[in-house]
Amino acid sequence: MFSPGLDLDHLLEKAEREEKLSPAELLFLLELEKPEQLNRLFERACTLRNRYFGKKVFLYSFIYFSTYCRNDCTFCYYRRSNSHPRRYRKTETEVLEAARSMAGSGVHLVDLTMGEDPYYFQRHGFEPLVDLVKKSRKRPLFR
Ligand code: SF4
């Protein structure tokens, strides 16, 4: 796609200065195809990543604490209409133990996730979920 007025050198310099790119500028970068242009983009991306994270690897994991869901997203294993998954809800203790175990094994980011399970907000409101997130963020779970 031809994007009048957009120039790769200018956008890479803007990114280097950490100035916000417009949607049109981001689209321009996403549509690059020439290997030479892509290499320049990736090199700049590496420079910016190294500025903040160096060459460290960060581990991410998640705890699916409820596999019930009232929705039916086609791509999802836990969609309502799929009869194959085992449905469960983890207790608060189970969630915190799993989070502690992950943190202890070096995981940097634990994502607490669930299907859109009406059980939580119909019976108890959102307070227990908020409470669970607060508890899971407390030391010594994470350093
Ligand atoms: S768990 Fe999430 S992605 Fe899966 S069906 Fe429910 S809402 Fe959709």
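## Helix packing and ligand surroundings

L8, L11 and K14 in helix 1 meet E25, F28 and L29 in helix 2, where contact means heavy atoms within 4.5 Å. By class, this contact of helix 1 with helix 2 has four nonpolar, no polar and two charged residues. Here Ala, Val, Leu, Ile, Met, Phe, Trp, Tyr, Cys and Pro count as nonpolar, Asp, Glu, Lys and Arg as charged, and the others, Gly among them, as polar.

The model is predicted: local features need pLDDT of at least 70, side-chain atom pairs count only at pLDDT 80 or more, and totals for chains, interfaces and linings use all residues. Residues are numbered from 1 along each chain as its sequence is written, and side-chain values use heavy atoms, with hydrogens and water left out.

Two packed helices are described by the angle between their axes and the distance between the axes. Helices (H or I, at least four residues) are DSSP runs numbered from the N terminus. Axes are lines fitted to C-alpha atoms over the stretch in contact, and angles run from 0 to 180 degrees between N-to-C directions.

| Helix pair | Axis distance | Angle |
|---|---|---|
| Helix 1 (residues 8-16) and helix 2 (residues 23-30) | within 11 Å | roughly 115° |
| Helix 1 and helix 3 (residues 35-53) | within 10 Å | roughly 5° |
| Helix 4 (residues 92-104) and helix 6 (residues 127-137) | 10 Å | about 30° |

The axes of helix 1 and helix 2 cross at roughly 115°. That makes helix 1 roughly perpendicular (65 to 115 degrees) to helix 2. Their crossing is left-handed, that is, the near helix is turned anticlockwise from the far one by less than a right angle, whereas clockwise gives a right-handed crossing.

Helix 1 and helix 3 cross at roughly 5°. That makes helix 1 roughly parallel (under 35 degrees) to helix 3. L8, D9, L12, E13, A15 and E16 in helix 1 meet Q37, R40, L41, R44, T47, L48 and R51 in helix 3. The residues of this contact divide into five nonpolar, two polar and six charged.

Helix 4 and helix 6 pack at an angle of about 30°. That makes helix 4 roughly parallel to helix 6. Helix 4 passes helix 6 in a right-handed crossing. On helix 4 the contact is made by E92, V95 and L96, and on helix 6 by D131, L132, K135 and S136.

The residues around the ligand are Y64, C69, N71, C73, F75, C76, R79 and G115, each with a heavy atom within 4 Å of it. This shell has five nonpolar, two polar and one charged residues.

Methods:
Helix = DSSP H or I, 4+ residues; strand = E, 2+ residues; numbered from the N terminus. Parallel < 35°, antiparallel > 145°, perpendicular 65-115°, else oblique.
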